[in-house]
Amino acid sequence: MLKLSVSLMRRPGRCAVSLLAAAVLSMGMPLSYAQVNLPALGDSVSQDLDLGTERRIGEQVMRQIRPDPDFLEDPLLLEYLQSIWGPLVTTAKQLGNIGDETSERFAWEVFLVRDRSINAFALPGGYVGVHLGLIAMTGSADELASVLAHELSHVTQRHIARRMAGDSRNSMLALAGLVAGLIVASRTHSTDVANAAIVGSQAAAAQASLSFSRDMEREADRVGFTVMNQAGYSPAGMYSMFDRMEQANHLMDSGAYPYLRSHPLTTERIGDARLRMGTIDYERPVGSAEHALMAARAKVLMDARAEAWTALQNLDAGARDQQTKASAENKGYEQLAARYAGALASIKMRDFARAENALRSAELTLKLMGQDPKAERMLRYLRAELNQARGQAADGYAALKPLAGERSRPLLIQKAQLARVDTNPATVREAAEALQTYVSLNPMDPLAWAELGQLWSKLDQPLRAVRAQGEERAAMGDLNGAIDRFRSGLRQSRGRDADQVEAAVIDARLRSLLYERRQLLAEMYPRGAPPGAELP
């Protein structure tokens, strides 16, 4: 396990999420916390680490993760991931795996990490991170659901609390301190500092947890299988995912597959997955056009290097040249995905002519495959994205017009992004007001606040813009940054022509955030915060 921690630090300045994973490993906890049956409430686990404390630790860790550039906010991918995650959480509640108190206190939030590695992990308080590399390698929603159900099962029985109950209570503070130290190391591009932090941690505890975690992983497989099966996903999904990961393990072992180390693929576990399917014959779950497109999107976004995008452009060209008959398994999804990836990669490369050709090929491929509203929707969003990159807002709106009836976050965000390149003040204001209504109901959406801030700036509304910037920082958990922005807004509000209603809102929010920061500092320093103390 410690070997994995060090391998994650080979590239200086890695994503804070990978650093966090290394921190968790070095403190004697598997990357995805393993699963066992929990004792009843009131036992030593609950006494050592109550639900509220675990949630607060999770929030503290997420405050370190969200500002990182590799914490990905892609509305379409996140919506798709949540469409799989949501039914699993609902089913876990129905099965009694999630009690009423845990349901209310934990976040039950899934998030994306811009990373090529095949990985997923659970954090304290009900947070689950998924690397784009994992999504890109799956062939169906059933396979992805098997991983999410496994991670969910680690959370539902509070394995973090059980692991911590075996250590001292100071382990929680040590974890938070180690995470902060590693993030500082990543920002200074110092591999030596990060490796020293890892190696200097509780290596003996990490080694002791390794053998224990394998038993818990098997338990997570069993509980996760029940959850995904009851949620309506194919029982073959877990075995199929194991099969893919085993093949990946044979192909390479250079650190790109951390999930295979923290979730050891033993013959016993693979056999157990097959036995749980019963007497039914195994057939790899057939994917869908929607999943193929989302996997292709993950493949483009997981690696922002120009050479990676060029390779995806060439992959699309190969798909057009082959024009081979689709196999029964993929039903042409590979060609569709290759063309989607080629179009998106070309957009990122600002090669708009090539993007247009690839997108038209994708639209033609889908038409020949037959009607598929979900896939058609994804292609409409891609066309809007292309028009946005071209600065053609009107064409982007036209592409989205058939989706006008849906009330979704991706549609709202995409229209706001189109409004940023729009020259018509009326449509820009319409997008801003729609987004303002949305954030009033969903105040913890940093991407929405960020887009809103840009729109208010475009409309020459400086107070509203600075307030949106402050709310964006607050939603990310950066209270220090939020307070700075609101203080700036308060100074601007003293001007003669300032909007006094907006000034009053800024003043009230500043007071609220200052109080929240004092409360957090009081928790961090029970004996009194030193002068000038700030949140990490």
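## Basis and overall make-up

Helices (H or I, at least four residues) and strands (E, at least two) are DSSP runs, numbered from the N terminus. Glu-471, for instance, is found in helix α25. The model is predicted, with local features needing pLDDT of at least 70 and side-chain atom pairs counted only at pLDDT 80 or more, while totals for chains, interfaces and linings use all residues. Residues are numbered from 1 along each chain as its sequence is written, and side-chain values use heavy atoms, with hydrogens and water left out.

The chain has 27 helices and four strands. Of its 536 residues, 55% are buried, where buried means under 20% relative accessible area, exposed over 50% and partly exposed in between (1.4 Å probe, protein chains only). Contact means heavy atoms within 4.5 Å. Of the contacts between residues at least 6 apart in sequence, 71% join residues at least 24 apart.

Two packed helices are described by the angle between their axes and the distance between the axes. Axes are lines fitted to C-alpha atoms, for helices over the stretch in contact, and angles run from 0 to 180 degrees between N-to-C directions. A crossing is left-handed if the near helix is turned anticlockwise from the far one by less than a right angle, and right-handed if clockwise.

Helix α22 (residues 409-419) packs on α23 at about 145°, with the axes 9 Å apart, and the crossing is left-handed. Residues Arg-409, Leu-412, Ile-413, Lys-415, Ala-416 and Ala-419 of α22 meet Val-428, Ala-431, Ala-434, Leu-435 and Tyr-438 of α23. This contact has nine nonpolar, no polar and two charged residues. In this classification Ala, Val, Leu, Ile, Met, Phe, Trp, Tyr, Cys and Pro count as nonpolar, Asp, Glu, Lys and Arg as charged, and the others, Gly among them, as polar.

Helix α23 (residues 425-441) and helix α24 (residues 446-458) also pack at about 145°, with their axes 9 Å apart. Their crossing is left-handed. The α23 side of the contact includes Val-428, Leu-435 and Gln-436, and the α24 side includes Trp-449, Leu-452 and Trp-456. By class, eleven residues of the contact are nonpolar, one is polar and three are charged.

## The second largest cavity

Helices α24 and α25 (462-476) each supply at least two of the lining residues. Four of the lining residues are nonpolar, one is polar and three are charged.

Ala-468 lies in α25 and is buried, at 1% relative accessible area. Beyond its neighbours within four places in sequence, Ala-468 contacts Trp-449, Leu-452 and Gly-453. The C-alpha atoms of Ala-468 and Trp-449 are separated by 5.3 Å. Glu-471 counts as buried because its relative accessibility is 5%; leaving out residues up to four places away, Glu-471 touches Trp-449, Phe-486 and Arg-509.

Asp-460, in the loop between α24 and α25, has a positive phi of about 60° although it is not a glycine. Its relative accessibility is 61%, so Asp-460 counts as exposed.
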